[in-house]
Amino acid sequence: MKRAQHYVKTLRADSAFLINRRCMRSEKKGARRGPSIALVTIWLTFSILELGNSMNQKTLFLGNGLNRTLKGGVSWAELMRKLGSQEPEGSNVPFPIEFEQLAARRGCLVGKRHVDPYKDLRNMIVEEVSNEQCSSDSVHRCFCDLPFDHMVTTNYDRIFDNQYKLEAIVSNPGYSRNILGPIYRSGNRDFYHAHGIDKWKNTLCLGHEHYAALIGKIRKEFYPNEDTGNALLVDLVTGQKESLNIWPELFLTNDVAIVGFGLDYCESDIWWLLALRAALFAPCKSLDAYANEITYFKAQIKGRSSGLQETCRLNALASLGVTVSVIEDSDYEGAYRQIAEELRKRWKS
């Protein structure tokens with residue numbers, strides 16, 4: 001092992017450069033294959049021995065599904081109706097568009113989000129999500145002791161976070177609307193709120209303007225210099241660059257379990273990240289040894305079949321290299337408990 005580690009240190013710089021060149025060349029039509037394939041293979045093999053489990057950190061990505069099993073838990077559709085949405089039951093209008101409709105009726109025009117009607121909507125949303133409480137026997141507890149390294153949630157509330165003794169990482173985001181880094185830490189675990197957090201109302205990701213700004217901020221992190229293409233991403237994946245310590249990076253470097261998240265098409269930031277990941281790994285075979293696994297867990301009631309739209313959505317995920325796992329039970333709480341047990345088996349050290 002010591003000899004292997006010595007080879008890793010000796011070959012790391014040269015082989016990382018070759019991987020980067022091969023990945024960049026693969027994007028060009030008719031590109032020549034890079035030299036020293038054996039060197040790259042040796043480096044990859046010994047790097048895996050050296051890095052071990054650090055290449056396979058675990059991220060738990062949570063949506064609103066777990067909260068809906070709580071007493072008084074509401075869906076986003078129910079939340080929109082409480083805010084005054086006039087969309088009928090089963091409407092396919094995306095959440096950001098519903099929000100834009102509500103804002104427009106209150107005189108809150110696109111690009112002028114500082115006016116009072118928008119503040120009123122934020123206050124109402126925070127009041128609703130902050131009322132939810134977690135009981136001692138809630139399904140959330142099943143996920144708390146899983147061996148994950150990072151928790152990312154699109155929820156504005158802190159129900160899951162509050163199951164831990166937390167250390168605040170961000171004390172005041174100021175005027176920043178999109179916080180990419182961790183907000184809390186508990187031991188070695190980081191806690192991220194991808195779409196904002198209730199205690200800082202200006203961070204809530206609601207309308208299309210917010211989602212567009214979020215993608216723009218992520219893109220600036222990943223592509224600080226457009227001329228270098230995917231060079232930074234390749235270095236992050238291969239460990240040649242220190243982690244950016246932001247939640248979008250985890251979709252490229254961690255094994256991610258997505259739980260309780262509807263992942264509608266309006267979740268444009270997540271779909272963008274999944275497409276970016278697929279485009280990064282697919283043409284560059286030299287990155288195969290670093291490929292992470294993303295699993296989308298769908299909780300489903302037994303005997304209830306998925307409609308065409310849902311089937312197409314799951315197929316789209318699979319086409320982007322996401323593993324889809326459908327877990328059935330008589331109710332959603334039972335399905336989530338099964339998912340927690342499945343992750344416990346997969347992630348056991």
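1. Contact here means heavy atoms within 4.5 Å. On that basis, and leaving aside its neighbours within four places in sequence, tryptophan 247 is in contact with Val152, Ile179, Leu180, Tyr192, Ala194, Leu214, Ile218, Asp269, Ile270 and Leu273. The coordinates come from a predicted model, and the points below should be read with that in mind.

2. Overall make-up. The protein chain has 12 helices and 8 strands. Its length is 349 residues, of which 49% count as buried. Among contacts in the protein chain with a separation of 6 or more, 70% are between residues 24 or more positions apart.

3. Nonpolar cores. Tryptophan 247 belongs to the largest nonpolar core, which has 55 residues. Trp247 is listed with Ile125, Phe222, Phe251 and Leu274 as the residues with the most contacts inside this core. Helix H10 (residues 268-281) supplies the largest share of the core, 7 residues. Another core, of 30 residues, lies apart from it and includes Leu60, Phe143, Phe148 and Ile327.

4. Strand E1. How many residues of strand E1 (residues 58-62) are buried? The count is 5 of the 5, so the strand is largely enclosed by the rest of the structure. Both faces are covered: Lys58, Leu60 and Leu62 are buried on one side, and Thr59 and Phe61 are buried on the other. Note that a lysine is among these buried residues.

5. Partners of E1. E1 pairs with strand E6 (residues 255-259) in the parallel sense over 5 bridges; within that pairing, leucine 62 has valine 259 as its bridge partner in E6. E1 also pairs with E2 in the parallel sense, over 4 bridges, and here leucine 60 stands opposite methionine 151. Leu60 was met above as a member of the core of 30 residues.

6. E7 and strand E8 (residues 323-329) pair in the parallel sense over 7 bridges. Phenylalanine 297 has serine 325 in E8 as its bridge partner. Together with H11, the two strands make a right-handed β-α-β unit.

7. Glutamate 310 and lysine 298 form a salt bridge, with the closest N and O atoms 3.1 Å apart. The pair links helix H11 (residues 308-319), which holds glutamate 310, to strand E7 (residues 294-301), which holds lysine 298; the two are 12 residues apart.

8. Other salt bridges. The structure holds 9 salt bridges. Side chains of opposite charge can pair when their charged atoms come close. Arginine 344 and aspartate 145 meet through their side chains at 3.0 Å, N to O. This pair links distant parts of the chain, 199 residues apart: arginine 344 sits in helix H12 (residues 332-347), and aspartate 145 in the loop between helix H6 (140-144) and strand E2 (150-153). Arginine 344 is partly exposed, with a relative accessible area of 27%, whereas aspartate 145 counts as exposed at 51%.

9. A further pair is aspartate 198 with arginine 158, again a salt bridge of 3.0 Å, N to O. Aspartate 198 lies in the loop between strand E5 (189-193) and helix H7 (208-222), and arginine 158 in the loop between E2 and strand E3 (167-168), 40 residues apart. The aspartate is buried, with a relative accessible area of 7%; arginine 158 is partly exposed, at 25%.

10. Cysteines. How many disulfides does the structure hold? The number is 0. A disulfide is a covalent bond between the sulfur atoms of two cysteines. For cysteine 266, the closest cysteine sulfur is that of cysteine 205, at 9.8 Å, which is too far for a bond; the cut-off applied is 2.5 Å. Cysteine 266 counts as buried, at 10% relative accessibility, while cysteine 312 counts as partly exposed, at 37%.

Methods
Residues are numbered from 1 along each chain as its sequence is written. This is a predicted model: local features need pLDDT of at least 70, side-chain atom pairs count only at pLDDT 80 or more; totals for chains, interfaces and linings use all residues. Side-chain values use heavy atoms; hydrogens and water are left out. A salt bridge is a side-chain nitrogen of Lys or Arg within 4 Å of a carboxyl oxygen of Asp or Glu. Buried means under 20% relative accessible area, exposed over 50%, partly exposed in between (1.4 Å probe, protein chains only). A nonpolar core is a set of buried Ala, Val, Leu, Ile, Met, Phe, Trp, Tyr and Cys residues joined through side-chain atoms within 4.5 Å. Two strands pair if DSSP finds at least two bridges between them. A crossover is right-handed if, with the strands pointing away from the viewer, the path from the first strand over the helix to the second runs clockwise.
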